[in-house]
Structure formats: C-alpha cells, structure tokens
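Biologist: I am new to this structure. Please show me how to read it.

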Amino acid sequence: MLGILRQKVSFGGSHISIVEQSFLRIRPAVNASRGYTSAAKEMTVRDALNSALDEEMSADPKVFLMGEEVGEYQGAYKISKGLLDKYGPERVVDTPITEAGFTGIGVGAAYYGLRPVIEFMTFNFSMQAIDHIINSAAKSNYMSAGQISVPIVFRGPNGAAAGVGAQHSQCYAAWYAACPGLKVLSPYSSEDARGLLKAAIRDPDPVVFLENELLYGESFPVAAEVLDSSFCLPIGKAKIEREGKDVTITAFSKMVGYALKAAEILANEGISAEVINLRSIRPMDKATINASVRKTNRLVTVEEGFPQHGVGAEICTSVIEESFEYLDAAVERIAGADVPMPYAANLERMAVPQIEDIVRAAKRTCYRSVPKAATA
Amino acid sequence: MAIWFTRSKNIAHYLNLKRYVGVSAGIVLLNHTSLNSSLQSSTIPLSRDNRRTPPAATCFGSSATLFSLRRFESTEAEKRLYDYEDEYQALDFPGGKVAFTSEMQFISESAEKRVPCYRVLDDHGQLVMGSSFEQVSKEAAVKMYGNMVTLQIMDTIFYEAQRQGRISFYVTSLGEEAINIASAAALTADDIILPQYREPGILLWRGFTLQEFANQCFGNEADYGKGRQMPIHYGSRKHNFFTISSPIATQLPQAVGAAYSLKMDKKDACVVTYFGDGGSSEGDFHASLNFAAVMEAPVIFICRNNGWAISTPILEQFRSDGVVVKGQAYGIRSIRVDGNDALAVYSAVHTAREMAISEQRPILVEALTYRVGHHSTSDDSTKYRPADEIEYWKMARNPVNRFRKWVEKNGWWSDKDESELRSNVRKQVEVGKLFICLLNPFSSGQLSKFSLTCYTSMQLLQAIQVAEKMEKPPLVDLFTDVYDLPPSNLLEQERLLKETIKRHPQDYPSDVPV
C-alpha cells in the first residue's frame, strides 16, 4: 500500500481542477466498488482517515492536528495513529481538557495562516466550543470582508455509537449545516473518508467533518486511484451508490449502509431503489437529489438525527419546491426518535432508524397501502 | 506548657508522625481540640480521661507506643527514619516534588497585602523619585500626547453623532486613553493585536485615519468591513489589527493560537490581546491562560481593569485581588500597573514584549483604570453609579492631563506649538463654522489643548460629513466572503435579486448601488 501511496501523479499540484480530477477518479472507483475487479484493495475507514491526514500533513507543513489524546494516545479512536512519531509534538498537539480553549486556539492559528485540524472526541463535546465554530470560524471571513480567512477543519465522530447514552449520541449535521460560512461533510465509505478529508483540509473555508464511530472499523474496497496521494473528492457533490427507478432514498454516513441493505430487500420485492449518499450536507447537492426524484417520482430521506429541523426536512422542502409536479407520493422522512438517546439496548434500538423502517417507508411511497407505524 | 508543646512537636517530627496512618487518623478525628491534645492521644482512642492525664507523662507514653508501632512497619518506613533530621522532606507526586508540612494550614483566600501597582508619574505628572522606567523620546511622547487627545475628541464627537442619530451605536474609551496609546506605542507594527472593543487607540497609533474610523461607523462603501458590522467593529489586516468580534473573551484563546503560529514561524514579534475585568470571568480566559503557559506562547494578555462590566462592579465580578493574581495560578509572569499613567503602561508593555519574545512565554499585564464613559451608547451608567464618582475620575484622575504635565515639564510641548496650532485653528474658524459647542469636556482652560481640540474636531466633523454622504456598499457585497468562492445558491439569489430590482426600481433605496 505504501508503494501505491508513493506513486507519482501526472496531474501535478493538488489545487488544480479538483472537479476534473474527481471526475476521472470517481467512475473507476464506482466500478471497483461494484466488484468488477478482484484486485481492488480493502481499507478501513480508520486507515483511510489516517492516511489522508498523513498525506496532507506531509504535503503542507502548515497543516497540524490538535485535540485531546491525539498524540501520545494515538487518538481516542486511533485515527491519528503514528502521526506524533512522524511529525513531532509541534504538529500533533495534545491539549488540556478544554474544547473552548483548543478550538479558540485553532481558530486563532487559522486566522494567522496555519491550517489546523481540530479533533473533537465526539461532536457532542463540540457544543462546549460552538461559539468559536459559529461566531468566529464561520462568520469571520464575512465580517472582516475577506481580510480574515479561516482554513480550519473540525472533525470527529458524530451521531449514535452503541450504548453510550444521550450525551454521546446526538447527530449535529443539521445544527452545523444551518450556518452559512461553514461547509459540512459526512463520509460513508473509505473512499469518501479519504477524498472528503483531503478536500476539507485543502479548502480555504472552515469545514465540519462528521465521521461515525461505528464506521471506523468497517472495511470497504478502494480503487487504486483512491490510494493516490492527490486523490480528492469535490465538496458539494453527492454520490449515487446504487441506481434505481422506483424510489429515491437519500442518506449520509452510517445510514447509507442501512439504505443499501434496505434497497437489497426492496429489490427482492420488485422495488428498484436509488440510494444517494449525500457526502456533503452543506452545500447540499440538491441538483442530484432533484434529478433523481424526477426520475423515480418518490422520495424517502433517512438520517440518524432528531426529526425536527433535520437534514431530511431540508431535502423534502427542496424537492417540494423544485420537483413538486414529479412526485407521485408524499415524501417520507425517516429520522431518529424525538427523545434523548436512551441507554438500554432495546430502547436504543428503537430510537435509531433500522433497515425495516426504511423498507416500510419505501413501500409506503410505492403502494400507499401500508399504514404508517406509530410515531412519537 | 509552651516548652512542652515544642518538645512534643519536635519529637513528632523526629518520629515522622505523619507516616503512621493511625496517628494521622487520630489527629484528623480531633477537629476541635488543640494540637497539644492531639499529640497526646495520637494512637490511643480518644476519651475524656486521656485529656486529663498530665501532659508530660502522656507524651512520653504515646511516643513509647509509637516506637513499638514502628517495629511492625515495612522496611521502607525503616529507611525513612534515617531522613528524620531533615525537616523539609519532599514527597514525590505526579507533577514534581512537594515539600510537606505537618501543620495543617489553609492558604488564605487573600494575601496580607494586595499586589502593588507600578506607577512612575504621580497625579501631578511629576516623575516619582527613583522610579525605573523605559525612556520615551520627545517625538514619541509628543505623538503619544497628540494621539491621546485625538482619541478623546474622537470618542466625544462620535458619541454625539450617535446621539444625533447619525450612527446607530458607539463605544467610548474615555478614561482609558493611556492604556490604548501607551501600550500601542510600546509595540511594533509587526505585533499582532486581537482586541476586545475598547482599544481603537491602537489603530489610531498605527495610522488608521479619522476618515477610516468614520467609514466603518457609517458602513459606507469605503468601509474595510464592507458595511457588514456594527459601528466600532474595526479591523485592518495591514495594521495587524484583527477585526473586532462582539462575544467577550473569544479573542483570548485565538490570541494564543496566533501566538503559537508566530512561534512556529520564529518571528521577532508577539501577539497582544486585550480584555476587561468582566472578560476575565469567561471560560475562555482560563483556558487561554492555561494553554498559553503550557504551549509557551509569546502572547501578552493586557487586562483593562476599569472597575465596571456594564453595571457589574468589581466586587460582583470576582473575589480575588484583581486579575493579576490569576496569572501566577496559571504559571504566568504578571504585573499590575497604573493604567492612567502612560509612562508606566509604556514601560511595562515594552518590557513584557521583550520577555514574551526572548523567553517565548506569556505575560499578563493588569492595568488599573476607570471607565469614565458609559459602557456604550445603549447604557446610562448614572443609573448604577454615582455621578460624582464619574466626575472625580474624569477630572482629577485624568490620564491625558497627567501625561501632558510631564510632557510640558520636559519642555516638549511649548507655547510655540500652541500658537502654531492656534493660528491653524483660527484659519479653520474663519473659513468655516465655529464648533465651540464640541469643546473637549476635559479642557482645563489651557489654550494648547483647546487648539489641538478644535483642530481635531474640525477634521473629525469633516470626516463624518464625508462618511455620511458616501454611498453604501454595493449589493454584490451582500453575497461575497461567506465562503472563499461564492456558492451557486448565493450566485443565483444575487441574480434573482438584481432582476427584481430592475423590475421595481422605485422600491429600491437610491443611495445603495446595485
């Protein structure tokens, strides 16, 4: 794998024509993930993130990582494994326990011209620093009329893990995506993780990068192009993970996996579902979503977070505004239960969308004969 | 009795009393008895009888018990006995060795004496005998005085402009001119400033013109902020002055981050950040001081302790001896300085800067002063503090007058300067209207001050007039700088908006360019 990473790229610098690069790269990657070639390598999301950080830090000396346990401990989830040894304590900074402190420091460093990557142990703890993220990072470029740019990345696990209770399980996609000035990304596969994190680090705007703890250990096939050090995915483009013609299912992060499984089940019942991996929550690829709905005429949005003012609400509104005449059925939203996440395993299972919920919702849009399950 | 007590105490030391858990537990239980009796009944369960036995006998009795106890200790305890002659032994804990004491003592909540305040000029502008300070050249001193007067006038006139409804909001720095100008004078143009909002004097020192100030307050098309912020939220990249941000104390950890970046760059510059007494209560203050010390960042934290956080006086803000004592708690070298003594502020900040850069460490400077003006134009401070208190600080403890006296005594501000200014002013007065009503409230009748006042007032009024008449920023500036490159949704919205304006031009304000 190291050999592949060291391959010279004929495309030159990392900043030219990212869209062009990705156009040339995504297609082969899609083919690879469909299993056309048995030579496709497997990579965990953890390794994808680690390698992306490593390569970006190597390419640009201004990039540095800061957060709790990122150095000596190798990262709370081992995402930054080996980076302290390679780059030293000046570029992999272990911090005291103060999210407000190290986020503010990161923003200040970005103001000056460095490119910090701030790690939150989970995004739940980012609330202790949210003023710096929203009032300083997101708004500074606008408020200073372009004099202060903030090329910072905030990353960490987001959403529910397993059995961690209410204060460790909230999804913040909707919160951050509501704020102009921020870009919000949420990868699903290893290819997503690598490409989007690289894009985030290279981007001159502040980016909130929402990972998922349960996906860290999952392995995905990656094409050779993905392993190249200049690989990058465009921000603001969704990916059609599975093409279909009867119903559009949108999802991001872990729910993409669920949606794909639901699509398999639906296929057996004669419903061809198109699964869209959003990848980018802000800016959202409304063009792709609307084009898909105009093709299938039905929409199911899936997310882990709370339903009110959620990501699904925004998608539904966009589709109603842009493609109302194309809808053959009411839009369906699948979201987490409107309660703080309970701890008990049976309750937790009921508070998070399951594959059966997605299947039922898709069927409702197709038949309109299955009564809705009781909702909160 | 006293002698007995001393002997028993010595014995206790020699025997390393604290080491024996049973003994320590015994002492802890006796919370209302004196140390005497606690030593008596060290390993013996407390009972009324014990306390009545003759002290001497009991003492020896208990020590005998202790000696016998020792035989059952581990070999480690035995080894320690050889150290018993050394009274100040150290305990090894994570974080380093600490000397221990068997006297239970709480550190008092306040020191016996408050941290003294560094000052060099007395209330009459006289240099205090034997004071140590950084020498200021004539040029610098005159520029400092001129800037302080200009700042005062600027504040007064902009405040009036807000009252007249010409700008929506203003924040004065009245009473804090010395902190503003003297600290700026002690720094170089390369030092990065992260201000709170009561430090426009730094921009003034660095060459921001009155017109530029007015442009920001009026939010016109010449405003560097493109009309995006409330008045007084100045920012200027070329002056190394970061755009003012309203939330309190957020600039503190950001300053540490910028200082960390400077450190990595190995530049001969530091970061200077300002905050008030109220700002020191924010969580960000504590995180940033702690962090700055750990990261050894070259940053100067300057606290303008002006006695009031809107209506909250010092006693309701914190119970410590001001902000300076908090520095040591975080491992930061600190100094308390008279914020109304321009020379002292200059010296302290100059030295702090040298230390910060050469030793790569943070420094805390607490400048004591008084907020003469209201918190802002949205505040009427007479509602929560007596008017004569404000008057006292405005007149008797005025930093501008104090510095002027020193400058005059040095022969650097003379009658010649006065008359030059006077003739300048006369020309202005003959040509234009008289603006005597805008006389500086601090004037003590000295003509030089009056002349400078009038001259600056004229300039400022002209700047305001120009700023007011200038066009507002164009429509496109509503949508730019949200991101580095405008996203498609905003480009579309701009296009739609322009079309709407074209269709309904009568509904669109005439002084805002499309």
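Modeller: Start with the interface. Chain B and chain A bury about 3,200 Å² between them, with 61% of it on carbon and sulfur atoms. Buried area is the accessible area (1.4 Å probe) that two parts lose on being put together, summed over both. Gln254(B), Phe291(B) and Tyr483(B) supply 21% of the area that chain B buries against chain A, more than any other three residues.

Biologist: What should I know about the model itself?

Modeller: This is a predicted model, where local features need pLDDT of at least 70 and side-chain atom pairs count only at pLDDT 80 or more, while totals for chains, interfaces and linings use all residues. Residues are numbered from 1 along each chain as its sequence is written, chains are lettered from A and ligands numbered from 1 in the order in which they are written, and side-chain values use heavy atoms, with hydrogens and water left out.

Biologist: How many residues of chain B are in contact with chain A?

Modeller: Contact means heavy atoms within 4.5 Å. By that rule, 36 residues of chain B touch 40 residues of chain A.

Biologist: How many salt bridges does the rule find across the interface of chain B and chain A?

Modeller: A salt bridge is a side-chain nitrogen of Lys or Arg within 4 Å of a carboxyl oxygen of Asp or Glu. Across this interface the rule finds zero. Over all chains, the whole structure has 45. One of them joins the side chains of Arg202(A) and Glu56(A), at 2.9 Å, N to O. The pair links distant parts of the chain, 146 residues apart: Arg202(A) is in helix α8 (residues 190-202) of chain A, and Glu56(A) is in helix α3 (residues 45-59) of chain A. Helices (H or I, at least four residues) are DSSP runs, numbered from the N terminus.

Biologist: How do I read two packed helices?

Modeller: Two packed helices are described by the angle between their axes and the distance between the axes. Axes are lines fitted to C-alpha atoms, for helices over the stretch in contact, and angles run from 0 to 180 degrees between N-to-C directions. Take helix α7 (residues 138-163) of chain B and helix α17 (residues 399-409) of chain B: their axes come within 10 Å and cross at roughly 155°. That makes α7(B) roughly antiparallel (over 145 degrees) to α17(B).

Biologist: Which residues of α7(B) and α17(B) make the contact?

Modeller: Among them are Met144(B) and Tyr145(B) of α7(B), and Phe403(B) and Trp406(B) of α17(B).

Methods:
Helices (H or I, at least four residues) and strands (E, at least two) are DSSP runs, numbered from the N terminus. Angles under 35 degrees count as roughly parallel, over 145 as roughly antiparallel, 65 to 115 as roughly perpendicular and the rest as oblique.
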